[in-house]
Amino acid sequence: MRDNPDRLCRLDGVAHIVEVINDEPQRCISSMRRQQGMQLDERYVSYLQMAGLDHLARLNERWFRLDEPLVSAFVEQWRPETHTFHMPFGECTITLQDIAYQLGLLVDGRYVNGCLTDFQTYIQGGRPAWVCCQELLGVLPPANQIQKFALNCSWFQETFGESPEGADEETVRRYARAYIMMLLGTQLFADKSGNRIHIRWLPYVVRLEDKGGYSWGSAALAWLYQCMCRVANRYVVKLAGLLQLLQSWIFWRFTGFRPAGYDTFSWPLASRWSGHNPSASEKGPRVQMLRLRIDLLQAGDFIWMSALPTSFRLCIQWHQIDRVLPQFGGIQRHPQPALNIDFLMSKDGRGGDRWFPYSLHFWHLHWESRADHVLRFDVVADSGPSHDFLDWWVQHGKRFLSPKMYLGDPRAVPISVEAMQRGAEQVPEMDRVDDVPDRRTLCHILPK
């Protein structure tokens, strides 16, 4: 079944930035400033290892600066319809494999969920949330440091920034809980407030020994997908989420954008860029230059290397690796139609039924049966897009964002011989679920 071009880029003409990029050529997103004033204490490490967050904690001590123009230029290529970057040579995306290699996070495990409504009723079998907070952290936050169910970062860091010397084990556990909440709230699942830590994380630090069974990697990837889907909207300019993952992925996959002098690396892979400080030149002109460089990319400029939903709270995002098979050593055939989950993408925890395990239980079942949905395909020495795919992509893909006057006519570049030799076999079989479009969006794009 051929992917309808109207479906492939169905958000054009609604609010996607691609429609106005020539009117705002120097548009550059801004990232939320990371709030991190808590030192990693070696006494926390055993608890972090149990939680599967020890690699992230080490990275947190040596993060690199975010290159906002670079990230902005790539986010413009992001398509919420497919959860992939639309490039001149085809589609690519950040996968569960990437998040495991880049950050060392667990991707196979229990889904991460929570509730945003009636939090006080649901947490720990009905105990008031702030009673639970005092029991687990040993302190009741002052009223002026509370914003609904979130704590001010400044107070949190001042209170738990450094565990006392000679502290007993229970005190160390309390500080370790606070440190883990900081990692989750300001690193993996950072929001645009930039200065709050939500107490929704309390249930995950009750028993630190049981915390390692969660798929933090899939949850963080779902949240990053959600954040990029939102900032692809022309009216949104602030980007949240795990942005260092996005930047490290760009550096590893696109060699032409790597900073010079970072040839030594260790595990996890994102540690390679520790200390990187991007250019401080004007952001607007850099975005234009980087956008043009992306438009001139070819398949050889990208390092190619289970189709499932990933979930985080009220955030469901489809992990569409069937569209990026070359990243796993396969040949990219003509993809199946992109799954329309606009309705789920509109979920943000405000209004209506927001108790996650009930309202979106269907998607949890998909994650629980993830072993049954692994794609089967041949791994080949020369992975990449097939002739059939490139022929379709040239006709229907959103390949270029720069004005034609800057590009000459790269659209006339013939399909490579290598791609023609890859043939046009069928895409791997995969299970499909029903579309769940947001009818409020559809009403904007129906023919007049």
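Axes are lines fitted to C-alpha atoms, for helices over the stretch in contact, and angles run from 0 to 180 degrees between N-to-C directions. Helices (H or I, at least four residues) and strands (E, at least two) are DSSP runs, numbered from the N terminus. The model is predicted, with local features needing pLDDT of at least 70 and side-chain atom pairs counting only at pLDDT 80 or more, while totals for chains, interfaces and linings use all residues. Residues are numbered from 1 along each chain as its sequence is written, and side-chain values use heavy atoms, with hydrogens and water left out.

**Exercise 1.** Describe how helix α7 and helix α9 are placed relative to each other.

Solution. The axes of α7 (residues 129-137) and α9 (residues 169-188) come within 8 Å and cross at roughly 120°. Angles under 35 degrees count as roughly parallel, over 145 as roughly antiparallel, 65 to 115 as roughly perpendicular and the rest as oblique, and α7 and α9 are therefore oblique to each other. On the α7 side, Glu-135, Leu-136 and Leu-137 meet Arg-174, Arg-177, Ala-178 and Met-181 of α9, where contact means heavy atoms within 4.5 Å.

**Exercise 2.** Work out the strand order of the open sheet and find its edge strands.

Solution. Two strands pair if DSSP finds at least two bridges between them. The open sheet has 3 strands in the order β5-β6-β7, with antiparallel pairing. Its edge strands are β5 (146-147) and β7 (196-198), each of which pairs on one side only. Strand β6 (residues 150-152) is joined to β7 by 3 bridges, and Leu-151 stands opposite Ile-197 in β7. Helix α8 (residues 153-160) lies across β6 and β7, running at about 75° to β6.

**Exercise 3.** Determine whether helix α4 is buried or exposed.

Solution. Buried means under 20% relative accessible area, exposed over 50%, and partly exposed in between (1.4 Å probe, protein chains only). In α4 (residues 68-75), 8 of the 8 residues are buried, so this helix is largely enclosed by the rest of the structure. Among these buried residues are Glu-68, Pro-69 and Phe-74.

**Exercise 4.** Locate Leu-53 and relate this residue to the largest nonpolar core.

Solution. Leu-53 is in the loop between α2 (45-51) and α3 (54-60), and counts as buried at 0% relative accessibility. A nonpolar core is a set of buried Ala, Val, Leu, Ile, Met, Phe, Trp, Tyr and Cys residues joined through side-chain atoms within 4.5 Å. The largest such core has 94 residues, and those with the most contacts inside it include Leu-53 and Phe-156.
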